[in-house]
Amino acid sequence: GDFDFVNFGFSFRNINGVETRRFAPSHSFILEEQEIFKNSLLIKDIYSSPCNKAYRRKFIIENNLKFPAVRANEDILFACLVARCARRTLFSTEVIYYASIRPGSTSRGITVNNFVQTERSFVIAREAFKRDLESEEIYFHFDAHTAKVLSYLIYFAAGHMSSRLEFNEASRCVDRIGLRRISGSKEALALLPIKNRLMVKFTRCRFLFWLIVRPIVRLARLTY
């Protein structure tokens, strides 16, 4: 078929080459039109990484699709920009991308600047999707997307940032983007799996969040 892009499976491996996680559908399927955009916003079957995808060159050029000029989470926004323009996409069960997880990797660290850059990416996203957000359905999908991304980042920050001061600054960033507001939106949270809903709700109390989540995440890092 004539697909704008194809999604393949991908796998994470530790330094010993042992697979720790795998993401691949159990069967091949196709999405079309606005279902592609909504799926991408929810990071459901369309993951943010461009490494597990093959894009039709003409599609990329005709829609002038480029990575945004930010230094963190630019792949998340790029995935949504692609999905918004796509008319047809295929999901393959074949795994073609293998990522190695290494201690000390820059992709496993996080700083306040990551949050500042993420805030910039959401400003760009809101401008790019301004007309789409006039639709109530897309508006709530975008809010769900925002909550899912930011709650993951703030959990990650709790376990990886060196000080409470840094964490507080990161918290202010995610709240400026809209995490605290969206955590009270029944319509947006209803679009997310239960695990993500609970994650978002728990981020409301940052003091307890820091005290409880930080040691759990740090312990998980030692036993990963």
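## Ground rules

Helices (H or I, at least four residues) and strands (E, at least two) are DSSP runs, numbered from the N terminus. The model you are looking at is predicted, so local features need pLDDT of at least 70 and side-chain atom pairs count only at pLDDT 80 or more, while totals for chains, interfaces and linings use all residues. Residues are numbered from 1 along each chain as its sequence is written, and side-chain values use heavy atoms, with hydrogens and water left out.

## A serine in a loop

Let's start with Ser49, which sits in the loop between helix H1 (34-41) and strand E4 (53-55). Ser49 counts as buried, at 16% relative accessibility; buried means under 20% relative accessible area, exposed over 50%, and partly exposed in between (1.4 Å probe, protein chains only).

The side chain of Ser49 reaches the backbone nitrogen of Cys51 at 3.0 Å. Leaving aside neighbours within four places in sequence, Ser49 is in contact (heavy atoms within 4.5 Å) with Asp75 and Tyr97.

## Aromatic rings

Tyr97 turns up again among the aromatic residues: Phe10, Phe12, Phe23, Tyr47 and Tyr97 form one cluster. The structure holds 15 aromatic pairs. Rings of Phe, Tyr and Trp (its six-membered ring) pair if their centres lie within 6.5 Å; planes under 30 degrees apart count as stacked, over 60 as edge-to-face and the rest as tilted.

How are the rings of Phe10 and Tyr97 placed, stacked or tilted? The pair is tilted, because the planes are at 40 degrees, with the ring centres 6.4 Å apart. Phe10 lies in strand E1 (residues 5-13) and Tyr97 in strand E5 (residues 88-100), so the pair ties together parts that are 87 residues apart in sequence. Phe10 is buried at 6% relative accessibility, whereas Tyr97 is partly exposed at 24%.

## The nonpolar core

A nonpolar core is a set of buried Ala, Val, Leu, Ile, Met, Phe, Trp, Tyr and Cys residues joined through side-chain atoms within 4.5 Å. The largest one has 56 residues, and Leu65, Phe115, Phe129, Ile154, Met161 and Phe167 touch the most other members. Helix H5 (residues 136-160) gives the most to this core, with 12 residues.

Not counting residues up to four places away in sequence, Leu65 touches Phe59, Ile60, Phe78, Leu81, Val82 and Cys85.

For Cys173, the nearest cysteine sulfur is that of Cys80, 20 Å away. Cys173 is buried, with a relative accessible area of 0%.

Cys205 is partly exposed, with a relative accessible area of 36%.

Conventions:
Polar contact = N/O pair within 3.5 Å; in protein donor to acceptor, adjacent residues only side chain to side chain. Disulfide = S-S within 2.5 Å.
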